Amino acid sequence: VSVIYNRLPVLRAEWGLSRQDLAKALGVHYQTVGYLERGEYKPSLSLAFDIAEFFGLRIEEVFSRTPFPPAPVRSGLARTQPPGRDEPGRDEPDRAADVR
Amino acid sequence: VIPQGSEPVPTRWTRAVGPWRRRIAAVYDSDRFEALRGPRARRVLVVIHAALVVAVAVGVWRQPTVGPGLAGWAAALIAWWFAYMGLLVSVRGITEVHRDLLDEWQLQVRDAAYRLAHRVFAGVAAVAATGFFLGRRDMELAWSHAYGLIWVMVNLLVTLPAVLVALGVVRALD
């Protein structure tokens, strides 16, 4: 069985979203977000695209067949605002704002 | 009418889910029942439900000579109903609610639960039928015996998917 790694916990923490917030935005149950984050469930292609689009990233920036390098430790991990438009790959801030 | 693209043709099964079904699904998913959703609580609910099913079956089997009386039957059936509802709530009703109200992970769990429940039920029914057939010479069968068996089999058929999800068997398999 192939393993699919994802950066969902890191991205969710960076955006300062709760599982409920993310689940609501993606149209899934918050338990499903938990299973995805723990790698216990592999999303459909459609849901994987939804997740990537939500974070304004390419799908391979969220999901990978190889482990992602560990996220850099920084103070104040949770963002209070979604990443700005000037950052690369962040072109859907409006959708993120809907869930707050 | 030829459907355009991949849009499915609505049928009686795929029509929009009404408010009543949404309300029931919301009750199943309510955070008020979080205490019933731990692994231990789920196991306890399965045991209580199974004990009540067996108790009612034994009562029916032995009727009318040693029945518990009308009040006893009513109490047993009410307790059984609460145990059954508790079981459904403990698995957020994912084995019962309309598929449009579930997400893809929940649908996978439900499909796996029904697939396994089908096999388990077929096995139990085959063993029960064989036992019944082999033992029929040693007992006098009455309608009450048949009712007791039907009660157990119907309960198995209806609750087995939820039981398998509650026990975590399905997740372990997939």
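A polar contact is taken here as a pair of N or O atoms within 3.5 Å; within protein, one atom must be able to donate a hydrogen and the other to accept it, and residues adjacent in sequence count only if both atoms are side-chain atoms. The model is predicted, with local features requiring pLDDT of at least 70 and side-chain atom pairs counted only at pLDDT 80 or more, whereas totals for chains, interfaces and linings use all residues. Residues are numbered from 1 along each chain as its sequence is written, chains are lettered from A in the order in which they are written, and side-chain values use heavy atoms, without hydrogens and water.

Chain B contains 6 helices and 0 strands, where helices (H or I, at least four residues) and strands (E, at least two) are DSSP runs numbered from the N terminus. Of the 174 residues in chain B, 34% are buried (buried, under 20% relative accessible area; exposed, over 50%; partly exposed, in between; 1.4 Å probe, protein chains only). Among contacts (heavy atoms within 4.5 Å) in chain B between residues at least 6 apart in sequence, 77% join residues at least 24 apart.

B:Arg110 lies in helix H4, residues 104-135 of chain B. B:Arg110 is buried but has no salt bridge, a salt bridge being a side-chain nitrogen of Lys or Arg within 4 Å of a carboxyl oxygen of Asp or Glu. The nearest side chain of opposite charge, that of B:Asp111, is 5.1 Å away; Lys and Arg count as positive and Asp and Glu as negative, while His and the chain ends are not counted. A polar atom of the B:Arg110 side chain lies 3.3 Å from the backbone oxygen of B:Ile94. Leaving aside residues up to four places away in sequence, B:Arg110 touches B:Ile94, B:Thr95, B:Glu96, B:Val97, B:His98, B:Arg99 and B:Leu102.

In helix H2 (residues 39-62) of chain B, B:Ala51 counts as partly exposed because its relative accessibility is 43%. The C-alpha atoms of B:Ala51 and B:Trp80, 29 residues apart in sequence, are 9.1 Å apart in space.

At the interface, 10 residues of chain B are in contact with 12 residues of chain A. The two chains bury about 980 Å² between them, 41% of it on carbon and sulfur atoms; buried area is the accessible area (1.4 Å probe) that two parts lose on being put together, summed over both. B:Asp103, B:Glu104 and B:Trp105 supply 57% of the area that chain B buries against chain A, more than any other three residues. Across this interface of chain B and chain A there are 0 salt bridges, and 7 residue pairs are in polar contact, both residues at pLDDT 80 or more.
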